[in-house]
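Please look over the sequence and the model, then go through the points below by topic.

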Amino acid sequence: MKQLKYGIILYIFLILPPVANLLESIMIFHMHTQMPLLVFTGFLIAPFSQKKFAHFFDKWNQSGVPGIVLVILIWSYWQLPRAMDDALTYNVVEYFKFISLPLLVGVPLRDSWKKLKSTGQYIFLIFIFATLVITGFIYIWIDQQICNNYLIIEQQTLGWGSLAMAACLLLYIGYRLFENDEAF
Amino acid sequence: MEQAIDFKGRIKSKLGVNPQDATISLTYFTISFATLLIGGILGLIQGLERAGLYQLPAGFNYYQVLSAHGLLLLVVFTATFTMGYQLANLSHSFDGLLPKVRKMVWIGIVLKLIGVVLSVTTIVLGEASVLYTFYPPLAAHPIFYVGLVFLVLGIWAVSFGVMINYRYWRKQHPSQTTPILAFFAMGVFVLWFFASLGVTIEVFMIIPWVLGWIETINVMVTRTLFWWFGHTLVNIWYLVATSAWYVIVPKIIGGKHFNEKLIRLVIILLVVLNIPGGFHHQIIDPAISISIKFLHVFMSLSIAVPSLMTAFAMFYVLEKAGRNKGGKGLFGWLKKLPWGDVRFLAPMIAMISFIPGGAGGIVNTSNQMNQVIHNTMWVVGHFHITVGVSVVLTFFGICYWLIPHLSKRQLTPRMNKIGVIQTWIWTIGMAIMAGSMHLAGLIGDPRRTSDTTYAGHESALSWLPYEFVFATGATLLMIGVIIQVYAVFNMMFFAPKGTTEFPVAEPEEDQPKVPMWTERWGLWAIVLLAVVAMAYVIPIVDMIVNAPPGSPPIRTW
């Protein structure tokens, strides 16, 4: 219940107009701070949902695969430059972002993570890594403005940020592969 | 079985530092306190010159003395003390360092000495009056930067040694958490390694520039990389000091240390959140947008979270120990604390000074308030309180048990008394000097300026009385330095032979098991990198893509 409380407080903080406006005013903060934090609120809310709707999760996400497929679909949608633009232009898309990232990414990700075997977890991590690398290169080397709401310099910054996060994720994958867990 | 473990634990706590490792730590302390003496003299000279009471001999200038004072005390004194102390902690926790680690540490000492000699020589020759911050466009002689490379290599040699030793112990002791002092040491060296990456990139940008291979340099990028290191260095000292506050002080006052889970969380937070704090040193820099500066205020202030956790934990430990000794009433427990014991008095004053020090830090971090104090003596006062008292007095307090322990001598009542007197002289001296610096800064007295009379302008003359007070404080501090250096070398070579305890507090009864997830240093390092990447990518990309033409090397002296 403590996590639920923290999750709700963080969620309310993130949707406050001044906070949302500030984070959305900088492209990289929009994608690499606001969106992951919204997913994190879902993570915090997940134990409450799992307890409250235990039957639902058992029935529909027994192996963890349906949940992770949903996560991949929704997360991929939010990687599209057009999706970020729409969120800033249309209120409905903005509301969808605030609902989809915690509930359709954060909650199923936490529910699926432990149910997935190690291979499934690696596939997901490699998918995120590939997404970061591909979007990173696109944002850095395309010489056109691909988001109406952001300047080219912001695109490039986001590209470098994505590559930096990809490098961190690669280190993490290596750490998981080579760290002897038994020592802990 | 439990009894056997308990017995083993008690035997281990009596083992202390391995004699070969003791030699390493004592070597570090010798370099450290010799540096303190030289740096202290240079500090006094500056104080007297600034107040107009002394004129430097021909051939020397204020900025040269300021550069040497800053480099010797902020980089050499603190780093060598930290290494001596942390390696002693590691040796005590792990029953000695590994032989190959010992070799790496000796290599580190040699590399650092080469680095110090090269850098300081260029300053003495008047070729490197670039101040402690040494960022462009000021350009020193190339040898100065080569010296810095050796210094960093020396730090890396020790850092890798500590990491190897830590990992070896973890493999030998599966399912056990490392002793808390070793966990602190790991935090210190992980932070040190990542902090030094910024300054390494900076120095490798500067060297081709001062050699004339490239004409200009991106000043903003190098400033940013410097503060990546410069600010983190402050928090490395702070982390070192907190290791004594959390683990040593409770034992000295007859108490127990606080919940280890919280202590470990504080260490991890300090390591992970630290580096982006460097941006608050650049609040005045025009090339960083307001929104980024605003977001970085959060990053800088996030350090307040582990700091406040430490403050509450320490007050709990102190109050509990005082009450167990019969302290009554709201503040009666304070009287029961061993104020006459220098091993407690010095770190206690250090902790108390962190209250005004931390408050001043919040002023510096806040955008609007920083505009008022940025280039003034306030900042100098601030770091003399934080480094000069919170950190240095803790270091001094550590000396009074660690040095006799390492040299197999005793802390005599006379030496304890000398230590108490030294602590008070230092406290009064620093209160006078740093306090007046704060006040002078508020009325505009500029920092890093040799002559501030401005042709006798009324406002400028109003700073003079404060500058006399700086000089008075600096004189007291010089007396404090002399006593401390005397105490250190006396305890090292002349005190009566005997044994002195290595005071490590035990946890309170019925504490929950320390969580194993705290041991995942690889993960914390990756989180640190991710935080750094997010914090630095926007300003650095902006500074490079929208770069001005760049600056040629400038020599102002």
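Helices here are DSSP runs of H or I with at least four residues, numbered from the N terminus. The model is predicted.

**A salt bridge in chain A**

- Side chains of opposite charge can pair when their charged atoms come close.
- A:Lys115 and A:Asp111 form a salt bridge through their side chains, with 2.9 Å from N to O.
- Both residues belong to helix H7 (residues 91-115) of chain A, and because they are 4 residues apart there, about one helical turn separates them.
- Over all chains, the structure has 17 salt bridges.

**The interface between chain A and chain B**

- The size of an interface is often given as the accessible area lost when the parts come together.
- Between them, chain A and chain B bury about 2100 Å², and carbon and sulfur atoms account for 78% of this area.
- Contact involves 22 residues of chain A and 25 residues of chain B.
- The number of salt bridges between chain A and chain B is 0.
- On the side of chain A that touches chain B, the elements giving two or more residues are helix H3 (27-52) and helix H9 (152-178) of chain A.
- H9(A) supplies the largest share of that side, with 11 residues.
- By class, the residues on that side of chain A are 14 nonpolar, 5 polar and 3 charged.

**Helix H3 of chain A against helix H18 of chain B**

- The axes of H3(A) and helix H18 (residues 521-545) of chain B come within 11 Å and cross at roughly 170 degrees.
- An angle over 145 degrees counts as roughly antiparallel, so H3(A) and H18(B) are roughly antiparallel to each other.
- H3(A) makes this contact with A:Ile28, A:Phe29, A:His32 and A:Thr33, while H18(B) makes it with B:Met534, B:Val537 and B:Ile538.
- The contact of H3(A) with H18(B) has 5 nonpolar and 2 polar residues, and no charged residues.

**The loop between H4 and H5 of chain B**

- Most residues other than glycine have a negative phi, and most peptide bonds are trans.
- B:Leu131, found in the loop between H4 and H5 of chain B, is not a glycine but has a positive phi of about 65 degrees.
- B:Pro137 lies in the loop between helix H4 (99-124) and helix H5 (142-172) of chain B.
- The peptide bond from B:Pro136 to B:Pro137 is cis, and its omega is near 10 degrees.

Notes
Residues numbered from 1 in each chain as written. Chains lettered and ligands numbered in written order. Predicted model: local features only at pLDDT ≥ 70, side-chain atom pairs only at ≥ 80, totals over all residues. Heavy atoms only, no water. Contact = heavy atoms within 4.5 Å. Buried area = accessible area lost by both parts, 1.4 Å probe. Salt bridge = Lys/Arg side-chain N within 4 Å of Asp/Glu carboxyl O. Nonpolar A, V, L, I, M, F, W, Y, C, P; charged D, E, K, R; others polar. Axes fitted to C-alpha atoms, helices over the stretch in contact; angles between N-to-C directions. Parallel < 35°, antiparallel > 145°, perpendicular 65-115°, else oblique.
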